[in-house]
Amino acid sequence: MRTAIRVPSEYRSLMSFLLGLTTERAAAIIVFLLLFAMAARVSVDPDMWWHLRLGEHIVESGQPVYTDVFSHSQAGKSHRNHSWLSQVFMHGLWRLAGHLGLTVFVAALGSAGMVFLYRAGRGSIYMQGFVLIFGAACAAAFWSPRPQMLTFFFGAVLIFLLFDLKRNGRDRLRALPLLLWFWGNCHGGYIMGFVLIGAFALGEVTNSAFALGDSPLPSRIIRKLIVMTLLSLALMPLNPLGLDIFVIPFDTIGISGLRQYIQEWQSPDLSQPFTWGFVILLLLLAGALMASRRRLDATECVLLGGSFCLALLSGRNLPFFAIAAVPITTQLFDEALTRRGWSFPRRKREQPHRVAINLILIVLVAIGVLLHLTYVSDDDTVAAAVSQNWPVEAVRQLNASALQGNLFNNYNWGGYLIFTARQHPVFIDGRTDLHRETLADYVSALGTKGWSDIFEKWDISIALIDSSSYLAAQLEASSAWRREYTDEMASIFVRSGL
């Protein structure tokens, strides 16, 4: 007589879970592990440093809106700091784990945003994974440890909510006020959330008015979307900036010289490798349109056309094109594949030997991602990257000296100096909204013969600048200045008699 063997319930649950690890689910895990690795980089963004310093200042002083003490050119002026919450979060990660914490910050937000774009799209993970890789390459052009990462993440969450409502009828509009409120406290790019909602609503109203598309949203849902958006606007002043939160985005765009002097605000140069993800994603979208043989509805047209124009206007808008294009591209490809009968079978359970293979593949990829993360956050790797991007030795010399007086510095080094040379307030840094009055003087001093007038105007006594710059050559030739320190990257010049 055989005795039945009882398997404990916890083991039965584990076996059921493992057998549910189908090849498709394993592929999804591997794709997002690879996207995480793709986003994990050495933290070398020039704005990272002043964001960290401001986060530290907020924690110590409890003042998100502060009077500037980090530059001598704008000393005493109030800075409307719209990124205060994300700066506090970044500072906490820095205190907890240093460069590793910031690397995980970027990689987690980047890959999590791509998860929401995957959920907003349609089709198998094999097809979507291909599109997601190039979508991430497009969006990652400006992925870095700065509050702008949260704008990408919140934008991806928002497009998921809107597309899920449009395609699947799932109404999560009550989440909009809280989502947009957090976004508004993390970064001034929150305005793009309202732009996305406005474009979506305009498209759906047009669809209903002209009977475009398969299933335009009912008017009651559009009305609810408008109500939730208005409620979100009403909550935005619950912010340290108060009503000024509405002024920040337009004030920033209106800064004179912004697009002329700051690379990320300029139109993307399609000959540069960082824009190739955008070009390939655009080609994929065109291919999907031809393969699907259907016309876009008004919502898709407005989202794609608007984000494409924004991307051409400014490189920092490339992530918004990815946010709009990825889910639409995958839906078009899915429609084309379905019409041709090309589909991948979806299993709910897998054979044990296939589960074992899937687990092995996931573990191997996870180990590779962990090794990559360890490498990019290793002290030696970080030190090498920092020394290649910032004047480490020059700053060490400056801090060790007894030099005093107003400093003139390279724009891209300003944030690093704020963080590492705290006894020497900078002339300019990446807080362009604060330094709008000094930006033109900086450009003139750096590249014209009028540098002496600019130095006189701002009472400059010390200059920490690029050794190969025009200004360095002018200071070297001037009897009124002496070179205190120099290396291949940076030189320190001091006014004679100091």
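## Overall form

Accessible areas here come from the Shrake-Rupley method with a 1.4 Å probe. On that basis, the chain exposes about 23300 Å², and carbon and sulfur atoms supply 61% of this area. The model is a predicted one.

The chain has 498 residues, and 52% of them count as buried. Along the principal axes, its C-alpha atoms fill a box of roughly 100 × 65 × 45 Å. The secondary structure consists of 21 helices and six strands. Among contacts in the chain with a separation of 6 or more, 73% are between residues 24 or more positions apart.

## The second largest pocket

The second largest pocket holds about 360 Å³ of space. Its lining is made up of 17 residues. Nearest the centre of this pocket are G213, D214, S215, R294 and D297.

Sorted by class, the lining has nine charged residues, four polar ones and four nonpolar ones. Helices α6 (148–168), α13 (298–313) and α14 (318–339) each contribute at least two residues to the lining.

## Loops on either side of α13

The loop between α12 (276–292) and α13 contains R293. The phi of R293 is near 60°, a positive value in a residue other than glycine. Most residues other than glycine have a negative phi. R293 is exposed, because its relative accessible area of 67% is over the 50% cut-off.

S314 sits in the loop between α13 and α14. In contrast to R293, which is exposed, S314 counts as buried, with 3% relative accessibility. Leaving aside residues up to four places away in sequence, S314 touches E264, W265, Q266, S267 and P268.

D459 is another non-glycine residue with a positive phi, with a value near 55°. D459 is located in the loop between α20 (451–457) and β4 (460–466).

## Aromatic pairs around F419

The structure contains 28 aromatic pairs. One of the pairs, W49 with F419, is tilted, with 5.2 Å from centre to centre and 50° between the planes. This pair links distant parts of the chain: W49 belongs to helix α3 (residues 46–61) and F419 to helix α18 (residues 414–420), 370 residues apart. W49 counts as buried at 4% relative accessibility, and F419 is buried as well, with a relative accessible area of 13%. Both values fall in the buried class because they are under 20%.

F419 also pairs with W94. The centres of these two rings are 5.7 Å apart and their planes are at 90°, so this pair is edge-to-face. W94 lies in helix α4 (residues 84–120) while F419 lies in helix α18, so the pair ties together parts that are 325 residues apart in sequence. W94, like F419, is buried. F419 of helix α18 is thus paired with W49 of helix α3 and with W94 of helix α4.

## An aromatic cluster

One aromatic cluster is formed by F408, Y411, F427, Y442, W451, F455, W458 and W481. Helix α20 spans residues 451–457, and the cluster includes W451 and F455.

Technical notes
Residues are numbered from 1 along each chain as its sequence is written. This is a predicted model: local features need pLDDT of at least 70, side-chain atom pairs count only at pLDDT 80 or more; totals for chains, interfaces and linings use all residues. Side-chain values use heavy atoms; hydrogens and water are left out. On a 1 Å grid over the protein atoms alone, a cavity is a set of points where a 1.4 Å probe fits but cannot get out, and a pocket is an open set with protein on both sides within 12 Å along at least five of seven lines; lining residues have an atom within 4 Å of a point. Grid points are joined across faces, edges and corners, and a volume is the space filled by probe spheres set on the points. Helices (H or I, at least four residues) and strands (E, at least two) are DSSP runs, numbered from the N terminus. Ala, Val, Leu, Ile, Met, Phe, Trp, Tyr, Cys and Pro count as nonpolar, Asp, Glu, Lys and Arg as charged, and the others, Gly among them, as polar. Buried means under 20% relative accessible area, exposed over 50%, partly exposed in between (1.4 Å probe, protein chains only). Contact means heavy atoms within 4.5 Å. Rings of Phe, Tyr and Trp (its six-membered ring) pair if their centres lie within 6.5 Å; planes under 30 degrees apart count as stacked, over 60 as edge-to-face and the rest as tilted.
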